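Here is a quick tour for anyone about to work with these coordinates. Have the viewer open and follow along.

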Amino acid sequence: MKWLSEEEQRAWRAFGTATRLLNERLERDLQAAGMPLTYYDLLVMLSEAPDRTLRMAELAKWTRSKPSRISHAVNKLEQAGWVRREHYAADRRGWLAVLTDEGLEALQAAAPLHVTSVRANLIDVLSPEQLRHLEDISRTLLDHLGE
C-alpha cells in the first residue's frame with residue numbers, strides 16, 4: 001500500500017472538508033425554502049424530462065440511489081402535491097414519476113434561492129480560471145467514477 005504524501009493528504013482533506021461544508025450550506029439554504037436538496041434535485045430532473053415524466057428506475061439511476069430510497073422520496077413529494085405516480089404502460093410493474101404544476105411552482109420558487117447559494121458559496125468565490133480547473137477536475141473524476 002502506498003500512503004498519501006503530506007501534500008496529497010492536505011489536498012484530500014481540504015477537498016473532503018470543502019465538499020461537505022458546501023453541501024451542508026446548500027442544504028441549509030434550500031431548507032429555508034422548505035425543500036431538501038435531494039428533493040430539489042429530483043424536481044429538477046423531472047422538470048427537464050420530456051412531459052416532466054421519468055420512470056422511477058431512471059430517477060434511481062441518475063441519482064445513484066437505491067429504488068427504495070427514490071420511492072420514499074417520491075412518496076414525500078407526492079404528499080406535498082409536487083409529484084404524482086402513474087403506471088408505466090410498457091411495463092405493468094413499472095412506475096412513472098410526473099412533476100405536477102404545483103411541483104413546478106415549488107421548484108421555481110426554490111430555484112432562485114438555490115442559485116443564489118451556489119453562486120455565493122462556489123461560483124463567485126472562484127476566479128474564472130479556478131472555475132475552469134474545477135470543471136476539468138470534476139469531469140476527470142466523473143469519467144473515472146462512472147458518470
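Is Phe15 exposed, partly exposed or buried? At 43% relative accessibility, Phe15 is partly exposed; here buried means under 20% relative accessible area, exposed means over 50%, and partly exposed is in between (1.4 Å probe, protein chains only).

## Ground rules

This is a predicted model, where local features need pLDDT of at least 70, side-chain atom pairs count only at pLDDT 80 or more, and totals for chains, interfaces and linings use all residues. Residues are numbered from 1 along each chain as its sequence is written, and side-chain values use heavy atoms, with hydrogens and water left out.

## The overall picture

The protein has six helices and three strands, in the order α-α-β-α-α-β-β-α-α along the sequence. Both kinds of element are DSSP runs numbered from the N terminus: helices are H or I with at least four residues, strands are E with at least two. Along the principal axes, the C-alpha atoms fill a box of roughly 55 × 35 × 25 Å.

Of the 147 residues, 24% count as buried. The protein exposes about 10600 Å², with carbon and sulfur atoms supplying 55% of it; the areas come from the Shrake-Rupley method with a 1.4 Å probe, and for residues only the protein chains shown count as cover. Take the contacts (heavy atoms within 4.5 Å) with a separation of 6 or more: 52% of them are between residues 24 or more positions apart.

Searching the whole structure turns up one aromatic pair. Its rings belong to Trp12 and Phe15, with centres 6.3 Å apart and planes at 35°, so the pair is tilted. The rule takes rings of Phe, Tyr and Trp (its six-membered ring) with centres within 6.5 Å, and calls planes under 30 degrees apart stacked, over 60 edge-to-face and the rest tilted.

Trp12 and Phe15 sit three residues apart in helix H1 (residues 6-31), which means about one helical turn separates them. Trp12 is exposed at 53% relative accessible area.

## The core and Val83

The largest nonpolar core has 26 residues, and Met35, Leu43, Leu59 and Val83 have the most contacts inside it. Such a core is a set of buried Ala, Val, Leu, Ile, Met, Phe, Trp, Tyr and Cys residues joined through side-chain atoms within 4.5 Å. Helix H2 (37-48) gives the most to this core, with seven residues.

Leaving out residues up to four places away in sequence, Val83 touches Leu43, Leu46, Val74, Leu77, Glu78, Ala97, Val98 and Thr100.

## The hairpin

Strand S2 (residues 83-88) runs antiparallel to S3, and six bridges join the two; strands pair if DSSP finds at least two bridges between them. A hairpin links S2 to S3 through two residues. Arg85 stands opposite Ala97 in S3.

## Loops worth a look

Ser65, in the loop between H3 and H4, counts as buried at 19% relative accessibility. Its side chain makes a polar contact with the side chain of Thr63 (3.1 Å). That term covers a pair of N or O atoms within 3.5 Å; within protein, one must be able to donate a hydrogen and the other to accept it, and residues adjacent in sequence count only if both atoms are side-chain atoms.

Most residues other than glycine have a negative phi. Asp51 has a positive phi, near 60°, and Arg52 has a positive one near 50°. Asp51 lies in the loop between H2 and strand S1 (53-55) and is exposed at 70%, whereas Arg52 is partly exposed at 22%.
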